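Below are some notes for a colleague who is opening this entry for the first time. Please keep the sequence and the view at hand while reading.

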Amino acid sequence: GFALAPETETAVRATAPHLHESSTERLRDELLKLLATADPHHAVADLARLGLLAELLPDIMALTTVEQSPPHHEPVFAHTLAVLRWLTLVEDAIEPQSTQRAQREESKNSASSALSAVKKIVEPYAEKIRALWQTEVDGGLNGRLLLRLGALFHDVGKAHTQSFEPDDAGGPRIRFLGHEQVGADLTGQILHRLCL
């Protein structure tokens, strides 16, 4: 719930191009800390707004201008942020983490009813899911963070595979053929670069 002071925001924007001067391990650790927060979608949106995402994860930043056809109703980057947001809401339905976020979301009827349905569906598996989230995979990286990284990178290949073709109404239909494989390859490269 904190906000940057205007002078701090100005300083961050001015120094964003120098982010690469920090160690890769430090950048990785800070990214993982942001993804571990109660609202990782806000953290990633702030990285983009401040010019840090373009330096840290340019392939994710490239998604800000990639449009999608229905049934998607938002560009790829906005969709990625929505996936992160919904993931944390589903996590809270399984294992409440943030009372403040839960209270905010309870005021939204559609989210509340959808999450009630999710909670009912996953309830028999909740204990196993929580155990998987806690399982350490690699030096401080656990199942929950892996899932959040998956949400962040799930459409990273779309910027590289976007194509346009006419639809039945004569308008452009946007396609992303093979984006899952391109995205998997890119994600592997990015995570390797971040020393994961």
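Predicted model: local features only at pLDDT ≥ 70, side-chain atom pairs only at ≥ 80, totals over all residues.

1. Gly-51 follows helix 3 and has a positive phi, near 85°.

2. Helix 3 covers residues 40-49, and helix 6 covers residues 76-94. The two pack at an angle of about 155°, and their axes lie 8 Å apart. Angles over 145 degrees count as roughly antiparallel, and helix 3 and helix 6 are therefore roughly antiparallel to each other.

3. On the helix 3 side of this contact are Pro-40, His-41, Val-44, Ala-45 and Ala-48. Helix 6 contributes Phe-77, Leu-81, Leu-84, Arg-85 and Thr-88. Sorted by type, the residues of the contact comprise seven nonpolar, two polar and one charged.

4. Which residues of helix 3 are buried? They are Pro-40, His-41, Ala-43, Val-44, Leu-47 and Ala-48. Viewed down the axis of helix 3, these buried residues fall within an arc of 160°, so they line one face of the helix.

5. The buried residues of helix 3 pack against helix 6 and also against helix 2 (24-35), helix 4 (53-56), helix 5 (58-61) and helix 10 (143-153).

6. His-41 deserves a separate entry. This residue sits in helix 3. Setting aside neighbours within four places in sequence, His-41 is in contact with Leu-81, Leu-84 and Arg-85.

Note on methods:
Residues numbered from 1 in each chain as written. Heavy atoms only, no water. Axes fitted to C-alpha atoms, helices over the stretch in contact; angles between N-to-C directions. Helix = DSSP H or I, 4+ residues; strand = E, 2+ residues; numbered from the N terminus. Parallel < 35°, antiparallel > 145°, perpendicular 65-115°, else oblique. Contact = heavy atoms within 4.5 Å. Nonpolar A, V, L, I, M, F, W, Y, C, P; charged D, E, K, R; others polar. Buried < 20%, exposed > 50% of the residue type's maximum accessible area, 1.4 Å probe, protein only. Arc of directions from axis to C-beta.
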